[in-house]
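Visitor: Please show me the model, and then let us go through a few of its residues.

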Amino acid sequence: MRSALRRVFRLENRRDAIRPGRLEHITFPSAILGNAREITVYLPAGYDESGDRRYPVLYMQDGQNLFDPSRAFVPGNHWRLQEAADAAIGERTARPMIIVGIDHAGPRRIDEYTPVKDPRHKGGGLASEYARFVIEELKPAIDARFRTLPDPENTGVGGSSLGGLVSLYLVLKYPNVFRRAAVKSPSVWWADRAIVDDLEQFQGPAPRMWLDIGSREGAQALLDVRDLRDRIVRKGWRDFQFYEDRRGDHSERAWARRARQALEFLFPPK
């Protein structure tokens, strides 16, 4: 009994000792997309004191939903991504990392997050331009301003729903830039599952990928993501993790619940 109490006491002390990272906010204009958006940059605890140390970077879509409960799609339901990163880094279950939250562009979100047009929906098909924005404009600015590890092995992307779709697109189309991806509840259905063809045609080095889905997101969503899983397994990707959340629906609350797991898989401690 005493030993159990001591373990609990040590665990609580360790959690209390976790140092928080900090956030920086940047208003970033894009000449490629012809708009501007807020970028939220998470810097891990120790960044300011660590001298010349450099960090891997995770570029996340739908930045409004990640850090600030007042800006989330459903106010109060955000990913709590800062807390997840603080805990994983503080307890040494993940490497310290920089996270770049990219706000979506409001009514142009669907256009920028979809690789091709879908005749059943208005708009779409600007993911290649969005990729140019991230690769040619945003990433160079982040690499210049912060101490990053800019190579592909240390650069990842992530997102959920359409944000998961465009993250999968980015890691498949630009393996010379991104080699890690958190693909959460991706909208595989877009344009008759066009992303599946991208996956089948992919010939580059296999990325390190986290793929997940909630069991309460609908029968077709489950079938689509399980099909992605099976295709990836057949490709023989070794650095791949699939997770099915039996309680998960299609919501920020559900994605928040498994955010830490994704960070730990993408950036395991050395």
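Guide: A polar contact is a pair of N or O atoms within 3.5 Å; within protein, one must be able to donate a hydrogen and the other to accept it, and residues adjacent in sequence count only if both atoms are side-chain atoms. This is a predicted model, in which local features need pLDDT of at least 70, side-chain atom pairs count only at pLDDT 80 or more, and totals for chains, interfaces and linings use all residues. Residues are numbered from 1 along each chain as its sequence is written, and side-chain values use heavy atoms, with hydrogens and water left out.

Visitor: The backbone oxygen of which residue lies 2.8 Å from a polar atom of the side chain of Arg147?

Guide: Arg147 touches, among others, Ser50, Asp52 and Arg54 (heavy atoms within 4.5 Å), not counting residues up to four places away in sequence. The backbone oxygen at 2.8 Å from a polar atom of the Arg147 side chain belongs to Arg53.

Visitor: What separates the C-alpha atoms of Pro56 and Leu149?

Guide: Pro56 is buried, with a relative accessible area of 1%. Leu149 is among the residues that Pro56 touches. The two are 93 residues apart along the chain, yet their C-alpha atoms are separated by 5.1 Å.

Terms used
Buried < 20%, exposed > 50% of the residue type's maximum accessible area, 1.4 Å probe, protein only.
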